[in-house]
Amino acid sequence: MCEANVYINRDGREELLMEGVDRIIPGEDQNIFLENVFGERRLVKARIKEMELVRHRIILEEIKEAAVKPHLELWLEPDTNHGHFHPGEDVRMKLFKGFNMRPDETAQMEGTEAFVLSNGRLQTLNLHKHHEAVEMNLGQELDGLAQIYVHQKEDRELYATALIEVGHHHHHGNQPLGLPLEIVPIDYSHARLGETYGIQVLKDGHPLAGAEVKATFSETQSRDYPHHLKTDEEGKTRLFLTARGNYLFSVTDGDTTSTFTLIKSF
Amino acid sequence: MCKNMPPLELAIQFHGHICPGLLMGVRAAEFAQKYLEVNPDQDEELLAIVETNSCGVDAIQAVLGCTFGKGNLIFKDYGKNVYTVASREKNRAVRIAQKYLAQPHPDNARYRELSCKDSLTEPEAVEKENLLASIFERLMTIPFEELFNWQEIEFAFPEKAQIYPTVQCSICGEGVMEPRAVLNGQLYICPTCA
């Protein structure tokens, strides 16, 4: 017998986490991947405390999520619940600062600039603080696809981008904005639940290989990002969409964090 | 809604949440639609006979438009995940039966275990969410033949659902569909009062 039972120490209590484990892979962000002989898989935020190889016991020490202090990031969300806007209606967006689509109400938003690029025209957007979000009204003139991006320079450089659709258009071949760090859709069309969605990470306009891209969705129960992806040599990665609502992709390189909000359409 | 929702979204909206049973129903419904080369039902062009009253039936209703209220969803209480979908226009029917798995996938077993709990701790809620994501991707991408057996069958189409007059119950005064009422002399009595 080569497999082991994995136990986790939570608040001083030891409990069985998984039986018959034959693969343990420590990953990034203090995650440990476990797989057992029955095909079960788990990802836990923990460190290995002890390995009793003769007794086939592995003991993990849980790492409290709150103990891992994340960098705050900016992200955009549309003020609509069906993924696109109609021509002639007010196009409103909200800007948040926080982590994992959970706003931090104490976060500083000073010095934030927002822009919209539509039909080749770049416009500055006015921002209005409203409760935990900053709101922006893009007016009623937009039609087709518009790219929004937000920038804030504090001790870190933060970018947030989103593509919004006004009317029922199908677009492909969307152009990057040219930000220092940017997440762009590989092939923008209507992103739907139950389909795979691809993104590409660009650094100064060039594909960033081997970057960790985190992905989350608005209704997640997890305090941390539920998905951790890795870009390939073309800076690309993909995610199968299994949750309703919008998704957020986030990438960090050095002191720069850039997010991309995938607004799901139906 | 302002344009056609994808079948998956329709089913989730109708059912209220995402669960493995609903996803299986979506696979069966989409397969039936493609196999019979039909559009979702408008006015009883399609008929579905379902042999279960579990989650998958809501996908049959939402995706195919065979609904309880319209009368083109016939429920047989056999406790089997079997769906027969028939097209009047094509004069064809397909019977789709979920395969029996003696040993369910461990993710499904654990998901069921967590779903049966009255309340979940935060780590359990996260685990359940992760399990559902994993099950979701597997169920929606696995080849159909690994999930279901199917065969085209001879099908005797019943009459379209009838619309009956409403009569008044002589005891409670409420309206009742005439064939459901008991006639006591000249007076109707509804099943509740009978």
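Reader: On what conventions does the description rest?

Author: In this predicted model, local features need pLDDT of at least 70 and side-chain atom pairs count only at pLDDT 80 or more, while totals for chains, interfaces and linings use all residues. Residues are numbered from 1 along each chain as its sequence is written, and chains are lettered from A and ligands numbered from 1 in the order in which they are written.

Reader: How many helices and strands are there in chain B?

Author: Helices (H or I, at least four residues) and strands (E, at least two) are DSSP runs, numbered from the N terminus. Chain B has 5 helices and 9 strands, in the order α-α-β-α-β-β-β-α-α-β-β-β-β-β from the N terminus. Its radius of gyration, taken over C-alpha atoms, is 20 Å, well over the 16 Å that the globule rule (2.2 Å times the number of residues to the power 0.38) gives for 194 residues, so chain B is more spread out than a compact globule. The C-alpha trace of chain B spans about 65 × 45 × 40 Å along its principal axes.

Reader: Is B:Asn72 buried or exposed?

Author: A residue is buried if 20 or more other C-beta atoms, placed from the backbone, lie within 10 Å of its own, exposed if 12 or fewer, and partly exposed in between. B:Asn72 has 24 such atoms within 10 Å and is therefore buried. In chain B, 33% of the 194 residues are buried.

Reader: Where is B:Asn72 placed, and which residues does B:Asn72 touch?

Author: B:Asn72 lies in the loop between α3 (56-64) and β2 (73-75) of chain B. Contact requires C-beta atoms, placed from the backbone, within 7 Å. Not counting residues up to four places away in sequence, B:Asn72 touches residues including B:Asp41, B:Cys66 and B:Ala161.

Methods:
Contact = placed C-beta atoms within 7 Å.
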